[in-house]
Amino acid sequence: MHRAGPPATQHRLPQAAPPFPSLPMRRAGPDDNETMYPIHFPGKVMPGAVRASLLALFITGTAHAAEPDGAGAPLWKLSGFGTLGAVHSSERHADYSSSALKADGAGRSHAWSADVDSKLGAQIDLQMHPRWSAVLQVVSEQRLDYSYRPRVEWANVKYQATPELALRVGRIALPMFVAADYRKVGYAYPWVRTPVEIYGAVPLSNSDGADLTWRWNGETLRGTTQAFVGHTDMPLYDSARLRGSGIAGLSQTVEYGDLSLRASLITTKLTVSLYPELFAGLRAFGSQGQQLADAIATDRKRATAASIGLNYDPGAWFVLAEAGHYQVDSFLGTTNSFYASTGYRYGALTPFVGYARIAGKRPDGPHALDLAGLAPPYAAVGGELNLVLDKLLRTIASQSTITAGLRWDAAPNIAVKLQYDRVTPRGGSRGTMMNLGPDFRSGQTAHVASAALDFVF
């Protein structure tokens with residue numbers, strides 16, 4: 001993480017951050033019995049994997065604390081992070097947002113928006129035994145229903161079988177991208193937000209399941225190999241949900257001096273229960289409508305995501321770059337994206353620049369109903385469905401962004417950031433814009449200004 005202070009190496013970027021950031025642990029003692037830290041899980045019952053991991057956490061922790069051999073009480077720590085942000089966009093016919101999982105942003109809905117980047121997170125780490133530990137992380141940020149109800153981001157138990165081999169069970173961060181282990185912690189990276197062309201293409205950040213991690217050391221190389229399986233079931237709004245079943249993947253990190261490389265591959269059967277009226281309408285047009293709906297709907301479709309990235313950080317300056325490929329045979333389409341960013345540190349100041357690009361492709365096959373020969377009333381209805389379908393397919397992002405900004409490490413654990421983005425949707429796509437108005441035009445550049453205060457504690 002960045003640290004304020006004259007030496008550049010005190011605030012360099014994280015390199016291959018471990019799943020659980022190393023912070024000073026606090027030993028629970030008898031005086032702590034008077035202090036309670038209640039945890040409330042809003043909404044529906046947590047998935048079974050998360051409930052099981054939390055149950056194992058408390059059972060194992062209680063058993064260890066009660067051991068008669070005087071091994072000592074469990075070690076625990078409470079930490080947190082947050083971002084207070086404000087964003088302005090010159091685009092008045094659409095909203096600029098940092099994620100497709102947010103309800104609105106800056107531009108059409110609000111000239112200035114705090115919802116794009118603002119968030120608050122808390123984390124509890126528990127070391128129950130030299131081999132057993134656990135973590136719980138809860139994050140509050142805007143959802144698709146406009147609420148800020150906290151969501152459990154991590155909740156897992158870890159067993160350190162050997163110094164090199166570890167097993168985790170519960171809700172685990174998906175090891176996708178260089179910043180996978182700290183993508184919610186704005187303080188940990190130089191920009192106001194991670195590049196939306198890469199990180200916004202796969203907004204999922206965790207899964208419920210298990211992973212196996214092997215850390216190895218060579219003469220000049222250090223590496224981490226991580227294999228994982230799981231599933232996810234995320235409520236979107238009303239009855240809409242996003243489900244990923246049979247998630248499986250592999251991630252490989254290699255470090256050589258100041259250079260860190262990470263490659264990941266993830267596959268799942270994806271279901272997104274959106275736009276039921278559109279697909280019901282298409283299916284009413286006989287076999288052609290049925291085939292079109294089956295081809296476009298995201299209903300247990302194979303989804304694949306691959307990424308590769310590097311972080312070179314010798315101290316005084318840094319280079320970050322990533323590329324990704326994402327494919328779903330549905331209205332989500334196929335995208336290829338990349339970004340590159342560099343910055344230089346002058347004491348507590350870090351100016352940076354960057355460029356990002358995402359190019360989208362529609363799924364193969366027909367993209368509209370054939371209305372030839374239909375009676376005028378049916379052709380009119382089919383024409384309306386084709387318009388809606390075309391708008392849906394335009395959500396497959398094609399966009400470029402030029403970025404320039406400045407980070408100021410104002411105090412230990414506090415960073416102030418200013419950032420300018422020149423965002424241009426391309427190829428008839430809306431890019432990553434949302435809440436489009438009737439006068440929105442692809443190809444029109446939006447000038448986005450952002451300010452953020454990041455902190456950790």
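The points below take the basis of the model, then the cavities, then the strand pairing.

1. This is a predicted model, in which local features need pLDDT of at least 70 and side-chain atom pairs count only at pLDDT 80 or more, while totals for chains, interfaces and linings use all residues. Residues are numbered from 1 along each chain as its sequence is written, and side-chain values use heavy atoms, with hydrogens and water left out.

2. The structure contains 5 cavities of 30 Å³ or more (a cavity being a set of points, on a 1 Å grid over the protein atoms alone, where a 1.4 Å probe fits but cannot get out; its volume is the space filled by probe spheres set on the points).

3. The largest cavity is lined by 17 residues, of which Arg 193, Pro 195, Thr 403, Gln 419 and Asp 421 are the closest to its centre (lining residues have an atom within 4 Å of a point). Two or more lining residues come from each of helix H2 (196-199) and strands S16 (334-344), S17 (349-361), S18 (399-411) and S19 (414-425) (DSSP runs, helices of at least four residues and strands of at least two).

4. Strand S2 (residues 75-89) runs antiparallel to S6 (residues 119-127), with 9 bridges between them (strands pair if DSSP finds at least two bridges). Here Leu 75 is opposite Gln 127.

5. S2 is also antiparallel to S20 (residues 446-456), again through 9 bridges, and Phe 81 faces Val 456 there. With S5 (residues 112-113), S2 forms 2 antiparallel bridges, and Val 87 has Ser 113 as its bridge partner.

Terms used:
1 Å grid on protein atoms, 1.4 Å probe; cavity = no way out; pocket = protein on both sides within 12 Å on 5 of 7 lines; lining within 4 Å.
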